[in-house]
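Here is a short briefing for a first look at this structure. Keep the sequence and the 3D view open while reading.

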Amino acid sequence: MVMAETILSSPIISEAVLPFILIFTVVFAILQKSSILGKDKKQIDAMVALVFGLITITFARAVGIINQLLPFLAVAVVMILVFLILVALFHKGDEEFKLDKNFKTIIIVLSFVAVVIAGIVFTGAWDYLAYKLNEGGSSLLTNVVFIAIIIGGFLIVWFGGSKSTEKSEQK
């Protein structure tokens, strides 16, 4: 089956124009929102975003990773939207639909984990880790588990400690 080629499927568009526009827009928005380079400095923010966009499209590997991640992102957003629509179906019509704070946190954490895993897979790091683990890399696995335990303990202390402090201050 022969597909008709459109202008959007052209390599120039998919490997240069669209990644450039994406990177330029995201960097510009971040610089505008954070005011890192100064308040009301749109021209400077635009120049920095332009440089980021141009540098990004000069590296084929970076463009390849972006082009692999975007379909994943689109599918993930659609899946989350469908899930939220299904959750909203069982909502009572009396009050405004709001997600529980814990539910939002779970969605955010799962989304973050999915993006990290997708990034690891699309950059090729997943294959490297699998190779290291299969070739007697038990020390690598031990180190990863140890670091995960340390980070988990730190997060428990960090977030668990703030709740007990807040309760004691309220009394």
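**Pocket and helix packing**

The lining of the largest pocket counts 13 nonpolar residues, one polar residue and no charged residues. The model is predicted.

**The largest pocket**

- The volume of the largest pocket is about 330 Å³.
- A set of 14 residues lines the largest pocket.
- Nearest the centre of the pocket lie Ala76, Ile80, Ile107, Leu110 and Ser111.
- Two helices each give at least two residues to the lining: H3, spanning 60-89, and H4, spanning 101-123.

**H1 with H2**

- Helix H1 covers residues 11-34, and helix H2 covers residues 42-58.
- Their axes are 8 Å apart, and the packing angle is about 145°.
- The crossing of H1 and H2 is right-handed.
- On the H1 side, the contact uses Ala16, Pro19, Phe20, Ile23, Phe24, Val27, Phe28, Leu31 and Gln32.
- On the H2 side, the contact uses Lys42, Asp45, Ala46, Val48, Ala49, Leu50, Phe52, Gly53, Leu54, Thr56 and Ile57.
- By class, the contact of H1 with H2 has 15 nonpolar, three polar and two charged residues.

**H2 with H3**

- The axes of H2 and H3 come within 5 Å and cross at roughly 95°.
- That angle makes H2 roughly perpendicular to H3.
- H2 contributes Thr56, Ile57 and Thr58 to this contact.
- H3 contributes Ala60, Ala62, Val63 and Ile66.
- The contact of H2 with H3 holds five nonpolar residues, two polar residues and no charged ones.

**H1 with H3**

- H1 and H3 pack with their axes 10 Å apart, at an angle of about 75°.
- H1 is therefore roughly perpendicular to H3.
- From H1, the contact takes in Ser14, Glu15, Pro19, Leu22 and Ile23.
- From H3, the partners are Val63, Ile66, Asn67 and Leu70.
- This contact of H1 with H3 divides into six nonpolar residues, two polar residues and one charged residue.

**Residues to follow across contacts**

- In H1, Pro19 and Ile23 meet residues of H2, and Pro19 and Ile23 also belong to the contact with H3.
- In H2, Thr56 and Ile57 take part in the contact with H1, and Thr56 and Ile57 also touch H3.
- In H3, Val63 and Ile66 are part of the contact with H2, and Val63 and Ile66 also meet H1.

Notes:
Residues numbered from 1 in each chain as written. Predicted model: local features only at pLDDT ≥ 70, side-chain atom pairs only at ≥ 80, totals over all residues. Heavy atoms only, no water. 1 Å grid on protein atoms, 1.4 Å probe; cavity = no way out; pocket = protein on both sides within 12 Å on 5 of 7 lines; lining within 4 Å. Points joined across faces, edges and corners; volume = space filled by probe spheres on them. Helix = DSSP H or I, 4+ residues; strand = E, 2+ residues; numbered from the N terminus. Nonpolar A, V, L, I, M, F, W, Y, C, P; charged D, E, K, R; others polar. Axes fitted to C-alpha atoms, helices over the stretch in contact; angles between N-to-C directions. Parallel < 35°, antiparallel > 145°, perpendicular 65-115°, else oblique. Contact = heavy atoms within 4.5 Å. Left-handed = near helix turned anticlockwise from the far one by under 90°.
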